[in-house]
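Hi,

Here is the structure I promised to pass on.

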Amino acid sequence: MSSINLTLRSFAPRSVWSLIGTLFLFLGAWVMVFPFIWMVSSSLKPTDEVYDADFSIIPRTFKGFENYYEVLFNQPYLTYLMNSFLVCGGILIVQLITAVPAAYALAKLKFRGSSILFGTVIAALTIPINVTSIPIYVGLAKTGLLDTYLAMMLPFFISVFAIFLFRQFFRSFPDSVIDAARVDGFSEMEIILRLILPSAVPAIAAFSVFSFVAHWNDLYWPLIVVTSQDKMTATLSMMQYQSDFDTDYGRTFASATVVTAPMVIAFLFARRLFIRGITMTGVKG
Amino acid sequence: MSLITKKRAQARLAYMLVLPAVLLIFGIYVLPIITVFGISFTDYSLVSNYFEFIGLGNYRQMLTDEAFGNALRNTLIYAGLFLPSSFFISLFLAIAIQERKQFRSILEVLYFLPVTSTLAAMALVWAALMDSNQGVINLWAGAIGLGPFNWLGSETMVLLSMALISLWSVIGFNMVLFLAGLTAIPANLYEAAAIDGADHPVDKFFRVTWPMLGPTSMFVAVTSSITAFKLFDTVAILTQGGPNRSSEVFLYLTFLEGFEYFNMGYSAALSLVFLGIIFLFALVQALFVDRNVQY
């Protein structure tokens, strides 16, 4: 009873303030979303209208079709998008293939050196690519591998974060089930593939989103290793506008829209998974 | 099968399972970290194969290098603008959104949208919005009698503009972390506090929310600090450190030294300082979070 009284008491007199607060929250949300609205709106306009002093969201002259046709078919944006998908997909597949077995071994199997390995994983968690980029770059340069898909993916083939995350996840898997499966004659490989892996689907899905988004949006590493246009990722392609836009502003923002769209659309379709995946880095540094 | 052979079989299997990961960790982390230490004691430059060991020369150079001091100062100013605002605005938003259950999911989506989007592309949009002559922001500021501001072209404003763009891109992330922390606070604590006389929102905040949110706050503060130190994309796309080096931040300087001027030795030393700072943050978090978990 008393808790019901309390909620009533705290709600009624503040309803006006609560309404104002809600309005401010939506105003803030409008500020957050406005750059996207402006971008899409500008991508549908002719150049002279983009910076019109009399700004309107709906284009007065619709040039959307021409702008997007230009970007997708007369400029290499489909190649850039393809490169991004290839690189992100390649990285993710190798990360899963290398991290899942290692995490299982660390979580459930006894072997000498496991604590050293786990300690190394924890230490590596704090090391960003920006610190190891010089030796990796020099190594790639000496072996003539710069400006290849392999160079773009190589530093990310192992995700210590994935090992850490999956290990935590596997540890909570009951030993009794694993032992029962062993008694029933399951091999360790079968245990991994048929028991552990299906149970880890939520963690794997969340990690996949995290990895894909992080590498899609990465500018630093492609900027270092990619030099030729046909290897450029979508994100890297934005560098050609640095400090100087394409003289056709409508087209510039059509290309920005094309680069941003895949992650934003995917986010809108799988909101929970995205929010969980991206903030999950939060588990531990 | 005897117990010992079973154990051996298990260990053998474990080695097979960890082998690819071990090789990759060695090649991608261990070896490069050792090498970067080594390079930082040389004057190695990618342009020539000849190099000498110069001991602590690169580290000594930092003390007198104007660019280093400048980059450090810029990073600190930027962090000073970015960190408090990204922390408190997100916290405030999270509390406000949590109280409005019926709008929570739509607001969460709208505020989180910038987090997933490609910052390199959205930076271009921000540059257009912040354009000193025709940008929408100055247009609207002018309508209420402010400005015009030279957001990206003036030495005094450029770091503020960078902080604003970063703020926009990270608020949703911090907010979701705070929301998770808030949801985990048991409702009966608020009831107990109310019985003790703390039923004003401000009292509730300081008596219950803030202490219970300790670990989350610490986590947000540490990740935001690391994010602040990693500022790169917007600088690389929008200003290249300009105007007149006023937005040349630490990571961007490290990048320039290594991959534009090819001073690998100096750049290696800079990136180790960078790593040291990140380690420091991680350490603070490890120490502080452990002391502060008090459920």
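B:Phe112 touches A:Ile275, B:Gly172 and B:Val176, leaving out residues up to four places away in sequence; "touching", or being in contact, means that the C-beta atoms, placed from the backbone, lie within 7 Å. B:Phe112 sits in helix α4 (residues 104-116) of chain B. Helices here are DSSP runs of H or I with at least four residues, while strands are runs of E with at least two, and both are numbered from the N terminus. Is B:Phe112 buried or exposed? B:Phe112 is buried, because 22 other C-beta atoms lie within 10 Å. The cut-offs are 20 or more such atoms for buried, 12 or fewer for exposed, and partly exposed in between, again with C-beta atoms placed from the backbone.

Before you go further, a word on the source: this is a predicted model, where local features need pLDDT of at least 70 and side-chain atom pairs count only at pLDDT 80 or more, while totals for chains, interfaces and linings use all residues. Residues are numbered from 1 along each chain as its sequence is written, and chains are lettered from A and ligands numbered from 1 in the order in which they are written.

Back to A:Ile275, one of the residues that B:Phe112 touches. In α16(A), A:Ile275, A:Ile278 and A:Thr279 meet B:Phe173, B:Val176 and B:Leu177 of α7(B). By class, that contact has five nonpolar residues, one polar and no charged ones.

Now the whole interface. 76 residues of chain B are in contact with 73 residues of chain A. Helix α1 (residues 3-40) of chain B gives the largest share of chain B's side, 19 residues. That side divides into 58 nonpolar, 13 polar and five charged residues.

Next, the largest nonpolar core, which has 150 residues. Such a core is a set of buried Ala, Val, Leu, Ile, Met, Phe, Trp, Tyr and Cys residues joined through C-beta atoms within 7 Å. Among those with the most contacts inside it are A:Phe166 and B:Leu124. The largest share of this core, 14 residues, comes from α7(B). B:Leu124 is in contact with A:Met238, A:Tyr241, A:Thr252, A:Ala256 and B:Ile237, leaving aside neighbours within four places in sequence.

Finally, two loop residues. A:Asp147 has a positive phi of about 65° although it is not a glycine, and B:Asn244 has one near 50°. A:Asp147 is in the loop between α7 (129-142) and α8 (149-153) of chain A and is partly exposed, with 15 other C-beta atoms within 10 Å. B:Asn244 lies between α11 (233-239) and α12 (250-260) of chain B and counts as exposed, with 9 C-beta neighbours inside 10 Å.

Cheers

How values were computed
Contact = placed C-beta atoms within 7 Å. Nonpolar A, V, L, I, M, F, W, Y, C, P; charged D, E, K, R; others polar.
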